[in-house]
Amino acid sequence: MNVETRRLGLYGLLLGAGIFAPLVFPAYTSQVAVLWIMILFALTWDVMGGQMGYNSLGNILFFGAGMYISAVVQIGLYYDVGEYTSAFGAVKVDWTMSQYLTGIAVGLVAAAVISALLAVIFGWIVFGLRGPYFAIGTLGVAIAAGELVSAWEWVGAGGGISMPVYPGEPDDRSLIFYFLSLASAVATFVFLRWLYTTRFKLAINAIRDDEEKAEAMGIHTLRYKTVAWAVAAFFLGISGAIFGNMIGFIEPLEVAFPTVTFGIFMVVMSLLGGKGTIWGPVIGATLFHVIKEVTWTHLLGWQWVALGLLIIVNVVYFQQGLLGWAQDKWPELFGIVVEDRDRAADGSGGDDAGAARRAAE
Amino acid sequence: MLDNLSLLTIAPIFNVQLLLDGLFIGAIFALAAYGLALVWGVMNVKNLAQGDFVIMGGYIAFTLAEWGLHPIIGLPVAFVVMFAFGWIVYVLVIRRVIDRDLFTSLLATFGIAIVVQQVLNQIYGPEVKTAESGFEIRSILGNQVTVADIKLISFLLAGGLAAAIVVFMKRSRMGQAIRATAQDPRAAKIMGIDTDRVYAFTYSLNAAICGAAGVLITMIWVIQPFYGITHSIRSFVIVTAAGFGNLPGVIMAGLGLGVAEQYSGFVLGAEFQQATVVGLLVAVLVWRQIQQSRIRQVVQ
């Protein structure tokens, strides 16, 4: 059994587990669906944060944007959006099955495409910022978006929008959204895995390692940065659209633009698993989500304190993440042949633990 | 929205009220921002927990007021308590991120911010709190403009505290060591300065300044566990606009921000206040970027 078949077997196993999970454990369908969204979050954050070295604290912007775009499209296809939102869901609107499904399909596409466009537009504003200025700038843009949406009457302002009600059986509904989340996460993984085999990955890694030198080597850095952000935004927009429909009611500050919850979770999950790798965010997100779901309810309000402590411990004491730690410990398992010279150079840096490792990813 | 705008031209007296309130609150913003400039300039740590230190100081004054003491006593108390708290945070967290990349310190301080705000939320609950100073409110200019005595007092206290810190930085041995470390940490080390201690002191001093600012905010405004992030963003706006090591700039930017917030709150409505602060942050960053791109072009 060579490496390739073993790898395919592993993927098949995971995919099978994903497909059969809601059938075997129907009670946990929604939790597992959120897990897929979390994996998508961590993967898309890592495009910028891990591979390109641009640590965005505001990626949640596209999640919220996707959610609202999809809501507006789904409602706007058949009704007047302003009228619908001003009634705060008091007007009982029935959707036929075909209307509902068309709405979701068009909404998903619109959410993805417009979110990617938004990334291009915001890229102009924020990509001149470097390092911490970029992080703070993106955080500012995301918070501002939440504040502005909550003052925008046409989309329901702070009162939010209740999403179209699924016309069929509730069990079918949760299955539909489960499989949509699963599909979006798998699509993100497959796409990024392909993307990371192309020259694109080399270019954004060059930007991470030294942007000035990358520019001097003829890489059009702004274009690469914009595309990387647009890719992240594309998938985040989809996840926002799915999540909004799954929740059934959207609202600007807590659901659509939750900067200090989901927005920070993405960063923490990527760091926990090991940023700059493809499996790191997946492992980090799974671990984080499982720990969160198991412990959250027992902590009685102290869970957020625990989250803050987790961030501090993660960042300060364990920054290379699980996968980074494993790669340092057992490099041969990851197919990395480390020469002594490299090892001496690698061993020192906690953050930049090894170009050799990344090359082998 | 336009009604309020025309009101400003019809009744110019409103401008006086807004300007005064803006200056009073802006002085406190400038105080907290000066602390950030200190930490940023000396240690190159972007402290995202800045606003949460402010709120923490505010709750110290609030607690003292609950115990029947006057909240102004909170000023020295918060200064000392927050100094000690800053030292603990430095030893546990900041010391380990100080020579790492900048995002690490940013994220670590963000973690501290979350812990502080959530612990405060657990202890005091999410309601908006304020500490009554009990001073009277005067009306001037024919009863059309009100000035609370406590606002004037806090303005003077903020100014006095800022002056004391400036003198401390210029004259005292520690202040000189801090400035030397800011200029060149390696050279300072060679000259026998214990830079680790200097960093610890700087961070604690920042926390103490924030604590004092928080006490003033509780007396003239309101506090709530989750207002910290807005205060952090305010400090960032001010420092980014003024640049660190530029005390007059920080003061001007702080006062300007206070006035701008009052005006936007009046013209656009109170719900836009946070959006204004964040919008200003983005505007300042973009402006900085335009400036930098000009420098880059010169290099080319």
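Student: How many residues of chain A are in contact with chain B, and what makes a pair a contact?

Tutor: In this predicted model, 32 residues of chain A are in contact with 35 residues of chain B; a contact requires C-beta atoms, placed from the backbone, within 7 Å. Local features need pLDDT of at least 70, side-chain atom pairs count only at pLDDT 80 or more, and totals for chains, interfaces and linings use all residues. Residues are numbered from 1 along each chain as its sequence is written, with chains lettered from A and ligands numbered from 1 in the order in which they are written.

Student: Which element gives the largest share of the side of chain A that touches chain B?

Tutor: Helix 6 of chain A does, with 12 residues; a helix is a DSSP run of H or I with at least four residues, numbered from the N terminus.

Student: Why is chain A called consistent with a compact globule?

Tutor: The rule, 2.2 Å times the number of residues to the power 0.38, is compared with a radius of gyration over C-alpha atoms. For 361 residues it gives a value near 21 Å, and chain A has 21 Å, so the two agree.

Student: What share of chain A counts as buried?

Tutor: Of its 361 residues, 46% do; a buried residue has 20 or more other C-beta atoms within 10 Å of its own, with C-beta atoms placed from the backbone.

Student: What makes a set of residues a nonpolar core, and which members of the largest one touch the most others?

Tutor: Such a core joins buried Ala, Val, Leu, Ile, Met, Phe, Trp, Tyr and Cys residues through C-beta atoms within 7 Å. Among the 202 residues of the largest, A:Phe41, B:Leu31 and B:Ile238 touch the most other members. Leaving aside residues up to four places away in sequence, B:Leu31 touches B:Ala158, B:Leu161, B:Ala162, B:Ile209 and B:Ala213.

How values were computed
Two residues are in contact if their C-beta atoms, placed from the backbone, lie within 7 Å. Helices (H or I, at least four residues) and strands (E, at least two) are DSSP runs, numbered from the N terminus. A residue is buried if 20 or more other C-beta atoms lie within 10 Å of its own, exposed if 12 or fewer, and partly exposed in between; C-beta atoms are placed from the backbone.
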